[in-house]
Amino acid sequence: MSGRERFGARLAKAVAARGPLCAGIDPHPGLIEAWGLPLDASGLERFALSATEVLAAQAAVVKPQSAFFESFGAAGVRVLERVVSTARDAGALVLLDVKRGDIGSTMGAYTAAYVAEGAAIAADAITVSPYLGFGSLAQCAETAVSAGRGIFVLARTSNPEAGEVQNAKLPDGRTVAQAIVDSVAALNAGAEPLGDVGVVVGATVPPGELDLSRLNGPVLAPGFGAQGATVADLRALFGASLPGVLPASSRDILKHGPEQAALRQAVERVAEVLADPQENGQ
Ligand SMILES: O=C(O)c1cc(=O)[nH]c(=O)n1[C@@H]1O[C@H](COP(=O)(O)O)[C@@H](O)[C@H]1O
């Protein structure tokens, strides 16, 4: 175990201090242009660092989506590295959205890249895909946890196509998504205040599909905002107090740039809506 506090404990503290919002940093080409910036690595850099300065000062967690940086090649990856370090310096936890999943030996290289001790692009957590078999992630989870970091395992994603695989039934009657949740729950058993391994469950998912009661870990809930899910949907899906749930929103916040003051207000508005137990819409 590294000297670093466990990821679940760091996350619980960050959420207590700043609220549960996970602010996505997704430099879509359309948004870069809407901010009046050139569609090249310099425009990407100005967009991403300006957004990071605002979002990482306010939100508990920021989630840069790697693909939007990778699409600019090596220069884009250098910007991503700066986003990660800038966000951590500003006090936010960085959940790097890379959705990696591969055979165990190759997962080792992704682990070294992002969540092992001394990782090249050191995030606090990454998103991973269990669809090569949950066991292919075992070493990644163990290494991340012992480095004080975490992983978020895709269970039931927000996209409309997700159900065909994730709601397929296993011979024991559970859905594939439920089996993923249960495997994560086993890793988190006994951890306090929260385990280090999260799941991803889209905010757009119909209520009642999943039993998260034994998860004892965080839930990343994208789909809030631009994909149509509201706070009422979050409450219907996860319960009124949303324990451990990180509602994630990217475009719906970023569209308020490029002025940093307007971005800041957009984050504040979302945070207020999430904090208000009476709020049923968005
Ligand atoms: O893992 C994710 O972050 C993720 C999982 C999922 O089920 N659905 C989903 O939209 N995401 C990501 O969450 C972000 C959603 O962006 P907005 O729809 O703009 O808020 C994107 O970066 C997606 O790649």
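**Entry 1: valine 153**

I looked up valine 153 and found 0% relative accessibility, so this residue counts as buried. Buried means under 20% relative accessible area, exposed means over 50%, and partly exposed is in between (1.4 Å probe, protein chains only). The model is predicted: local features need pLDDT of at least 70, side-chain atom pairs count only at pLDDT 80 or more, and totals for chains, interfaces and linings use all residues. Residues are numbered from 1 along each chain as its sequence is written, and side-chain values use heavy atoms, with hydrogens and water left out.

I placed valine 153 in strand 5. Helices (H or I, at least four residues) and strands (E, at least two) are DSSP runs, numbered from the N terminus. Which residues does valine 153 touch, not counting residues up to four places away in sequence? I listed Val128, Pro130, Phe134, Leu137, Ile180, Val184, Val197, Gly198, Val199 and Val200. Contact means heavy atoms within 4.5 Å. I also checked threonine 127, which is 26 residues from valine 153 in sequence. From C-alpha to C-alpha, the two are 6.0 Å apart in space.

**Entry 2: the cores**

Next I looked at the largest nonpolar core, which has 72 residues. A nonpolar core is a set of buried Ala, Val, Leu, Ile, Met, Phe, Trp, Tyr and Cys residues joined through side-chain atoms within 4.5 Å. Val153 turned up again: with Leu55, Val62, Ile126, Ile151 and Phe238, this residue touches the most other members. Helix 3 (residues 41-58) gives the largest share of this core, eight residues.

**Entry 3: helix 7**

I then turned to helix 7 (residues 138-146). Its buried residues are Cys140, Ala141, Ala144 and Val145.

Just after helix 7, glycine 148 takes a positive phi of about 75°.

**Entry 4: the ligand**

How many residues surround the ligand? I noted 17, and the closest are Asp26, Lys63, Ser158, Gln227 and Arg251. A residue is near a molecule if one of its heavy atoms lies within 4 Å of it.

A polar side-chain atom of serine 158 lies 2.7 Å from a nitrogen atom of the ligand. For aspartate 97, a side-chain N or O atom is 3.0 Å from a ligand oxygen atom. For lysine 99, a polar side-chain atom lies 3.1 Å from an oxygen atom of the ligand. On its own the ligand has 500 Å² of accessible area, and the protein covers 90% of it. Accessible areas come from the Shrake-Rupley method with a 1.4 Å probe; for residues, only the protein chains shown count as cover.

I stayed with lysine 99, which is in strand 3 (residues 93-100). Its phi is near 45°, a positive value in a residue other than glycine. At 40% relative accessibility, lysine 99 counts as partly exposed.

**Entry 5: arginine 156**

Is arginine 156 buried or exposed? At 8% relative accessibility, arginine 156 counts as buried. I found this residue in strand 5. Its side chain makes a polar contact with the side chain of glutamate 209 (2.7 Å). A polar contact is a pair of N or O atoms within 3.5 Å; within protein, one must be able to donate a hydrogen and the other to accept it, and residues adjacent in sequence count only if both atoms are side-chain atoms.

**Entry 6: the backbone**

I looked up cis peptide bonds. One joins glutamate 192 and proline 193, with omega about -5°. Proline 193 is in the loop between helix 9 and strand 6. A cis peptide bond also joins glycine 257 and proline 258, with omega about 10°. Proline 258 lies in the loop between helix 11 (251-254) and helix 12.
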